[in-house]
Amino acid sequence: MRFDATGKVELDHIYTQPDPRSYFSSLRGLEYQIPQLAKPHFTALVEEYRATTGIDTPTVLDIGSSYGINAALLRCDLTMEDLYDRYDLDARSSAEVLADDQELVRERGKAIPARFVGLDISSPALSYATAAGFLDDAVLADLERAEPTPEQQRKLADVDLVISTGSLGYVGAPTLARVVQAGGAPWMAHFVLRMFPFDEIEASLAQLGYETVRADGLFRQRRFISAEEQSRVLDTLADVGVDPSGLEDGGWFYAQLYLSKRPIERT
């Protein structure tokens, strides 16, 4: 196993396959669950935004969207267990998996009134998610290192809400600033692992007129893949001054939810 600088095992290969089966088969044994726990919070944020702005179908940007997991849960009203069962390794071809997902979206894809746009650096994952219909559009870009192209800027300008379930810490203030600078004043909801301090991002958003609050509670992300990963992550937590007692030292990654809002400019 290879580990990144934070101590987490590298699982890059599961994000570059032609369909999501490797992703789900790898993460099922680790009880990866943060998208499921995030789902009601994202749903509530969409409804609050609709009620506040009068926008019937807000555009939601999912940062680190991979195969459109958050969008699939929300727009088809699924659970993570539904997806784990759906993508259990079998003899289907990738084309057959895709066709099954397209049928799923046709049958159940209107559970929430929103458009979903994915932002990721994995072309295979974004291509699958848009072809399946989980995502309405996609931005293939690394906004930590580069400004968006004019076409990407056009897509980002329409964003009303920004969500994430694990990408912050790997992307941060530069990405969010570029999203905001592309257009409006999107509300944000980010689930961030406790090993990644949010201070720099919060300060950057404050300069852009945002107020950030941390929601009550903690949210399990997944189990550690090994004792070595746990030991490495506990070292990282110690380095940033976070006490793992009763939490990460029990074998799980934990995340916190940060909500950032800026006053809506009415026209």
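Contact, as used in these exercises, means heavy atoms within 4.5 Å. The model is predicted: local features need pLDDT of at least 70, side-chain atom pairs count only at pLDDT 80 or more, and totals for chains, interfaces and linings use all residues. Residues are numbered from 1 along each chain as its sequence is written, and side-chain values use heavy atoms, with hydrogens and water left out.

**Exercise 1. Two helix pairs**

Task: Work out at what angle helix α8 and helix α9 pack.

Solution: 
- Two packed helices are described by the angle between their axes and the distance between the axes. Axes are lines fitted to C-alpha atoms, for helices over the stretch in contact, and angles run from 0 to 180 degrees between N-to-C directions.
- For α8 (residues 173-181) and α9 (residues 199-207), the angle is about 25° and the axes are 9 Å apart.
- Angles under 35 degrees count as roughly parallel, over 145 as roughly antiparallel, 65 to 115 as roughly perpendicular and the rest as oblique. Therefore α8 and α9 are roughly parallel to each other.
- On the α8 side, Ala173, Leu176 and Ala177 take part, meeting Glu200, Ile201, Ser204 and Leu205 of α9.
- These contact residues divide into five nonpolar, one polar and one charged. Here Ala, Val, Leu, Ile, Met, Phe, Trp, Tyr, Cys and Pro count as nonpolar, Asp, Glu, Lys and Arg as charged, and the others, Gly among them, as polar.
- Finally, α8 is mostly covered, with seven of its nine residues buried. Its buried residues pack against β1 (59-63), β2 (115-120), α7 (150-157), β4 (161-165), β5 (187-193) and α9.

Task: Say which residues of α5 meet α6.

Solution: 
- Helix α5 (residues 94-108) and helix α6 (residues 123-132) pack at about 45°, with axes 8 Å apart.
- That angle makes α5 oblique to α6.
- Val97, Leu98, Asp101, Gln102 and Val105 in α5 meet Tyr128, Ala131 and Ala132 in α6.
- Six of the contact residues are nonpolar, one is polar and one is charged.

**Exercise 2. Aromatic rings**

Task: Find how many aromatic pairs there are, and describe two of them.

Solution: 
- Rings of Phe, Tyr and Trp (its six-membered ring) pair if their centres lie within 6.5 Å; planes under 30 degrees apart count as stacked, over 60 as edge-to-face and the rest as tilted.
- By this rule, there are 13 aromatic pairs.
- Phe191 and Phe219 have ring centres 5.0 Å apart and planes at 85°, so this pair is edge-to-face.
- The pair links distant parts of the chain, 28 residues apart: Phe191 is in strand β5 and Phe219 in strand β7 (residues 219-223).
- Phe191 counts as buried at 1% relative accessibility, and Phe219 is buried at 9%.
- For Phe224 and Phe253, the centres are 4.5 Å apart and the planes at 50°, so the pair is tilted.
- Phe224 lies in the loop between β7 and α10 (227-239) and Phe253 in strand β8 (residues 252-261), so this pair ties together parts 29 residues apart in sequence.
- One aromatic cluster is formed by Tyr15, Tyr23, Phe24, Tyr32, Tyr67, Tyr84, Tyr87 and Tyr128.

Key
Helix = DSSP H or I, 4+ residues; strand = E, 2+ residues; numbered from the N terminus. Buried < 20%, exposed > 50% of the residue type's maximum accessible area, 1.4 Å probe, protein only.
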